[in-house]
Amino acid sequence: MKKPWESFEKNYVAVETTDERTGKTRLQYEYCGPWFVCQNGKAALNRAKGGVGAALIVSIVCVLWAGIQPSQLNRAGLTSVPYGLSLAALIFTAFGVGYLLFSGERVKRPEYERMTRLLSFAPVIQAVLLLLSLIAGVFLLISGKAQAADAWPLAGYFLGGCAAAFIRFVFKALRYREEKNTDFEYAKDFPLGNSKEADS
């Protein structure tokens, strides 16, 4: 597992600069890693952000609504255990969506890796756990351990799971291309270890 400092050293380099007014030399860190550029275009990226943001709100509202219903399903272990775990997955999904919403057309490597890691797994895990809660709830209803009036949380499980799956599919449709960081002042001379060949 990469340590935060190792990731920082890989993407940032210390550069000495001289203050023109005082003549003093100071050290500052400049980003020298690659950019990850969205190939879908600005309009498509904005649409994806809007869709993902709306889906996150739907997911949060539906999942929390399901959990506060006075239903036998919320007291049964078969449904409440996967439901509780889905809340943890929802938190990670929200962080991933946050990275996407605040990103531009090009993203620095650390933010891109965090965003990709979170949105590749968290929404899927959340959707699967809510599906398990849904299946368990239907089983309890069929077996007579819960009444028809207890079925309301099933709607929250279903809609929350669909919203999580939608987040995953929308993010998967976005395509990013790795580009060399030509903004870095010393990009041509600095021996960067950030190419795909260097990372392998």
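Student: Which pattern does the chain follow, read along the sequence?
Tutor: This is a predicted model, and along the sequence its chain runs α-β-β-β-α-α-β-α-α-β-α.

Student: OK, and how many helices and strands is that?
Tutor: The chain has six helices and five strands.

Student: What share of the residues counts as buried?
Tutor: It's 41% of the 200 residues in the chain.

Student: Which residues have the most contacts inside the largest nonpolar core?
Tutor: That core has 31 residues, and the ones with the most contacts inside it are Leu100, Met115, Leu119, Tyr157, Ile167, Leu174 and Tyr176. Strand S3 (35-38) gives two or more residues to this core, and so do helices H2 (42-67), H3 (77-101), H4 (109-142) and H5 (152-173).

Student: Which element gives the largest share of it?
Tutor: H2 does, with seven residues.

Student: Back to Leu174: what is it in contact with, leaving aside neighbours within four places in sequence?
Tutor: Leu174 touches Cys38, Asn40, Leu45, Ala48 and Leu100.

Student: New topic, the surface. Which residues make the nonpolar patch?
Tutor: Val124, Val128, Leu131, Leu132 and Ile135 make a nonpolar surface patch of about 420 Å².

Note on methods: Residues numbered from 1 in each chain as written. Predicted model: local features only at pLDDT ≥ 70, side-chain atom pairs only at ≥ 80, totals over all residues. Heavy atoms only, no water. Core = buried A, V, L, I, M, F, W, Y, C linked by side-chain atoms within 4.5 Å. Buried < 20%, exposed > 50% of the residue type's maximum accessible area, 1.4 Å probe, protein only. Helix = DSSP H or I, 4+ residues; strand = E, 2+ residues; numbered from the N terminus. Contact = heavy atoms within 4.5 Å. Patch = residues over 30% accessible without salt bridge, like charges linked within 9 Å, V, L, I, M, F, W, Y side chains within 5 Å. Areas by Shrake-Rupley, 256 points an atom, 1.4 Å probe, with all protein chains shown as cover. Salt bridge = Lys/Arg side-chain N within 4 Å of Asp/Glu carboxyl O.
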